[in-house]
Amino acid sequence: MTAVQDTLRATSAGFEVPALPDLLRRVLDVTSDPRSSSRDLERVIREDPGLVIELLRTVNSTRYGLRTPISAANHAIVLLGIPVVVSLVSGLLLLNAFRNQPGLDPNRLCAVWRNALACSGLVNVLGRRLPARQRDHAFLAALTQNVGQLALARHFQERYDALHRCGPFPAIVAERRRLGVDHAGVSAYLLDQWRFPREVIAIVEVHHEPERYGGDPREVLLVAVADGIDRVVTERPESLTLATRPPARCLERLASLGWTWSDLVAEREELLRPVTEASRLVHAHTR
Ligand SMILES: [Fe+2]
């Protein structure tokens, strides 16, 4: 973490760590308490009228096809489900920490947010066979893994955009070579500053290199597999069939999470749902 900090200081003055909204801290506290209910979550969310409006706007969007518009936050939470609401609210609060920053492309904000929503939703599906504690760590890690991209994009501006134009997906090696840091390290650095649980920070720091993880490998593999499935479903949804022969490494990772390829194909619709839901949410908020 110190190396990331030193590099960021050396690149130029003024690498700012956006403040973590107090409300996000409280949302995370509520959701990490197994005794919490949708009412507790509603109580926190209601402190920010803007969030309540966003929540109602989401659930009342045409996509949900409700005959009668909903006007109560708790009703929206029950309809969307707590995991979707936590992803949505956390994503909105994190984005607010970066919104209106000069030089930050709104498309990048949307892309990072969409991926965060999709991956955290996929973690909930894929992590059903793991203990809740490990799934919770992976959920938060999936939600925040690429927040460092936003910080790097804002800090390096055209240099970062040019680097990402070279390929369809963040090239972590290119980031290290050209910037001296990578987005995984910067995400971990931000989460450390924001006092996230150390297990979550450790997962985020190596989310592109799960073999470097020092804890239970299933925690980091859950995030890596969710990210891989998001990419497959987004780019080639037709490949999620029994006729496909996934690489051996992919099958090994699935097996460590208690899944086989045929399980995955059988639950195709459930896996597609968080990804389409994420696109829909981002679309609903950026029209
Ligand atoms: Fe990443």
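How many of the 21 residues of α7 are buried? In this predicted model, 15 of the 21 residues of α7 are buried, so the helix is largely enclosed by the rest of the structure.

**Helix α7 and its packing against α9**

- The crossing in which α7 passes α9 is right-handed.
- On the α7 side the contact involves R108, L109 and V112, and these meet Q149, L150 and A153 in α9; sorted by class, the contact of α7 with α9 has four nonpolar residues, one polar residue and one charged residue.

**Helices α14 and α15**

- The axes of helix α14 (residues 217-235) and helix α15 (residues 248-256) come within 9 Å and cross at roughly 125 degrees, and that angle makes α14 oblique to α15.
- Helix α14 passes α15 in a left-handed crossing, with P217, R218, L221, A224, V225 and G228 of α14 making the contact together with C250, R253, L254 and S256 of α15.
- By class, six nonpolar, two polar and two charged residues take part in the contact of α14 with α15.
- P246 is placed in the loop between α14 and α15, and it counts as partly exposed because it has 15 C-beta neighbours inside 10 Å.
- Leaving aside residues up to four places away in sequence, P246 touches L251 and W261; the C-alpha atoms of P246 and W261 are separated by 8.1 Å, although the two residues are 15 residues apart along the chain.

- Helix α6 (residues 82-98) has 17 residues and reaches 24 Å from its first C-alpha to its last, close to the 24 Å expected at 1.5 Å a residue.
- The buried residues in α6 include V84, V85, V86, S87, L88 and V89, and also S90, G91, L92 and L94.
- I82 is found in helix α6, but with 17 C-beta neighbours inside 10 Å it counts as partly exposed.
- When residues up to four places away in sequence are not counted, I82 touches S38, L41 and I77; of these, L41 is 41 residues from I82 along the chain, and the C-alpha atoms of the pair are separated by 8.2 Å.
- For α8, the 13 residues should span 18 Å at 1.5 Å a residue, and the end C-alpha atoms are 18 Å apart, which agrees.
- The buried residues of α8 are D136, H137, A138, F139, L140, A141, A142, L143 and T144.

**Loop residues**

- R128 lies in the loop between α7 (106-126) and α8 (132-144), and its 14 C-beta neighbours inside 10 Å make it count as partly exposed.
- R128 and G258 are 130 residues apart in sequence, yet their C-alpha atoms are 9.2 Å apart in space.
- Q157, in the loop between α9 and α10 (158-165), has a phi near 45 degrees, which is a positive value in a residue other than glycine; Q157 is partly exposed, with 14 other C-beta atoms within 10 Å.
- R195, in the loop between α12 (183-193) and α13 (198-205), likewise has a positive phi, of about 60 degrees, although it is not a glycine; with 10 C-beta neighbours inside 10 Å, R195 counts as exposed.

Definitions and conventions: Residues are numbered from 1 along each chain as its sequence is written. This is a predicted model: local features need pLDDT of at least 70, side-chain atom pairs count only at pLDDT 80 or more; totals for chains, interfaces and linings use all residues. Axes are lines fitted to C-alpha atoms, for helices over the stretch in contact, and angles run from 0 to 180 degrees between N-to-C directions. Helices (H or I, at least four residues) and strands (E, at least two) are DSSP runs, numbered from the N terminus. Angles under 35 degrees count as roughly parallel, over 145 as roughly antiparallel, 65 to 115 as roughly perpendicular and the rest as oblique. A crossing is left-handed if the near helix is turned anticlockwise from the far one by less than a right angle, and right-handed if clockwise. Two residues are in contact if their C-beta atoms, placed from the backbone, lie within 7 Å. Ala, Val, Leu, Ile, Met, Phe, Trp, Tyr, Cys and Pro count as nonpolar, Asp, Glu, Lys and Arg as charged, and the others, Gly among them, as polar. A residue is buried if 20 or more other C-beta atoms lie within 10 Å of its own, exposed if 12 or fewer, and partly exposed in between; C-beta atoms are placed from the backbone. The expected span of a helix is 1.5 Å times one less than its number of residues.
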